[in-house]
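The structure comes first, then the details.

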Amino acid sequence: MTRARAKRETSAGGVVYRLEEEGPCFLLIRDSYANWGFPKGHVEPGERAEEAALREVREETGLRELALRGTIDTIEWYFRFRGRLIHKACHFFLMETTQSETAPQRAEGITACQWLGFEAAAASISYVNARQVLIQASQMIAGVLPRARS
C-alpha cells in the first residue's frame with residue numbers, strides 16, 4: 001500500500017503547563033503502551049481543532065480550568081493500525097492551568113499523568129516530534145516565539 005492510499009486522520013491536543021517558582025511544569029500522560037506524551041484525540045465532525053484539544057485534555061487528564069494560550073504546531077506521522085496505513089495530523093495548542101491534581105482517563109488507556117520541569121519532560125517524552133512541540137511550547141512561554149492567535 002502506498003502512502004497516497006493512507007487513511008487520513010486529524011487529532012488535536014494540548015501542551016499544558018502551570019507556573020511554579022522554579023519555572024513552568026509541563027503535563028505528560030502515559031498511554032497504554034507505556035509511552036509518555038501529550039493528551040490528544042480525534043477532532044469530531046464540525047468541531048474546531050482548538051475545541052477538540054480542550055475537550056481531549058479535559059477528558060484524558062481531569063483538568064477543568066484550562067486557558068488556551070496559542071497555537072504551537074501541527075505534527076504528522078504514519079503508522080499501521082489493524083493492517084491499514086494511517087496518516088495522522090495532530091494540531092497542538094498551548095494551554096495554561098493553575099490546577100495540579102489530575103485524574104488519568106483509564107478507560108481510554110491513560111495510565112498516568114505527571115508534572116515535570118522542561119528538562120525532565122524532554123527526557124521523558126517518547127517521540128522526537130512531540131519533543132519538538134515541547135521545545136516550541138517552552139519558547140512560547142519564555143516569549144522567544146510569538147504566541148500565535150488561535
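F26 is buried, at a relative accessible area of 0%. Buried means under 20%, exposed over 50%, and partly exposed in between (1.4 Å probe, protein chains only). F118 is partly exposed, at 25%. The model is predicted: local features need pLDDT of at least 70, side-chain atom pairs count only at pLDDT 80 or more, and totals for chains, interfaces and linings use all residues. Numbering runs from 1 along each chain as its sequence is written, and side-chain values use heavy atoms, without hydrogens and water.

**Aromatic pairs**

The structure has two aromatic pairs. Rings of Phe, Tyr and Trp (its six-membered ring) pair if their centres lie within 6.5 Å; planes under 30 degrees apart are stacked, over 60 edge-to-face, the rest tilted.

| Pair | Centre to centre | Plane angle | Class |
|---|---|---|---|
| F26 and F118 | 6.5 Å | 70° | edge-to-face |
| F38 and F92 | 5.9 Å | 70° | edge-to-face |

F26 lies in strand β2 (residues 23-30) and F118 in helix α2 (residues 118-124), so their pair ties together parts 92 residues apart in sequence. Helices (H or I, at least four residues) and strands (E, at least two) are DSSP runs, numbered from the N terminus. F38 sits in the loop between β3 (36-37) and β4 (40-42), and F92 in strand β6 (residues 84-96), so this pair ties together parts 54 residues apart in sequence. Both F38 and F92 are buried.

**Charge over a ring**

R18 lies over the face of W115, 4.6 Å from the ring centre. The cut-offs are NZ of Lys or CZ of Arg within 6 Å of the ring centre and within 35 degrees of the ring normal.
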